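These are notes for a colleague who has not seen this structure before.

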Amino acid sequence: MANLIFISGGASSGKSEYAENKLIEISGNDLKIYLAAMKINNNDPEILRRIENHRKMRADKNFKLIEAEKNFSNIIPANSSVLIESLSSWLANEMFNENNNNINLNSNVVNKIFNEIMTIKNFSHNLIIVSDDIFSDGIIYDEMTELYIKNLAQLHIKTAQISNEALEIVSGLKIKYV
């Protein structure tokens, strides 16, 4: 059963860099998987530029890069060390289609993702999950966005509860909760 580390933080807080360095530190000789939870839009030059930039930034860290939308437990090799970037993107991939029309309104999406986290945790050596802190702006959103925020909060709670370490990165500083 994997050592599970859950890392959350705001945009550009340093959480991804921290997670990458942590995975390198704890993985030893394991295959290091960097799983980018993403939908690639080949029609958007800005997205393609950002993806290429991310690939270049991680090229010298010896990660095996996997870019996928969901169903990660089917594509991650057993006994590896895994970084999933990010839980918030993974949830969006499960809840919305390409046009952001809701395709999964029920709460089963939280259980589906959490069960997959447990599966990955059970067959990997180390698992680091990165997610976004989107809970403190105080804005009231439309019903669909509010459901997304609620689901992400539930996933944060459930994941933090089973983690060996749960922390937040704020302005590059680590705040450890567990």
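1. A salt bridge here is a side-chain nitrogen of Lys or Arg within 4 Å of a carboxyl oxygen of Asp or Glu. The model is a predicted one, and a search of the whole structure finds four salt bridges.

2. Lys22 and Glu25 form a salt bridge, with N and O 3.6 Å apart. Both residues belong to helix 1 and are three residues apart, about one turn of the helix. Lys22 has a relative accessible area of 13%, so it is buried. Glu25 is exposed because its relative accessible area, 58%, falls over the 50% cut-off.

3. Glu20 and Lys61 are also joined by a salt bridge, at 2.6 Å from N to O. This pair connects distant parts of the chain, 41 residues apart: Glu20 is in helix 1 (residues 15-27), while Lys61 is in the loop between helix 2 (45-58) and strand 3 (63-68). Are these two side chains buried or exposed? Glu20 has 4% relative accessibility and counts as buried. Lys61, at 18%, counts as buried too, because the limit for buried is under 20%.

4. A further salt bridge pairs Lys112 with Glu94, where the closest N and O atoms are 2.9 Å apart. Here again distant parts of the chain are linked: Lys112 lies in helix 4 and Glu94 in helix 3 (residues 87-95), 18 residues apart. Lys112 is partly exposed at 32% relative accessibility, whereas Glu94 is buried at 5%.

5. Apart from neighbours within four places in sequence, Lys121 has contacts with Met1, Ala2, Leu4, Leu127 and Ile162.

6. Lys32 belongs to strand 2 (residues 32-37). With a relative accessible area of 14%, Lys32 is buried. Setting aside neighbours within four places in sequence, the residues that Lys32 contacts include Leu23, Ile24 and Ser27, as well as Lys61, Asn62, Phe63 and Lys64. Ser81 is another of its contacts. The C-alpha atoms of Lys32 and Leu65 are 8.6 Å apart, although 33 residues separate the two along the chain.

Methods
Residues numbered from 1 in each chain as written. Predicted model: local features only at pLDDT ≥ 70, side-chain atom pairs only at ≥ 80, totals over all residues. Heavy atoms only, no water. Contact = heavy atoms within 4.5 Å. Helix = DSSP H or I, 4+ residues; strand = E, 2+ residues; numbered from the N terminus. Buried < 20%, exposed > 50% of the residue type's maximum accessible area, 1.4 Å probe, protein only.
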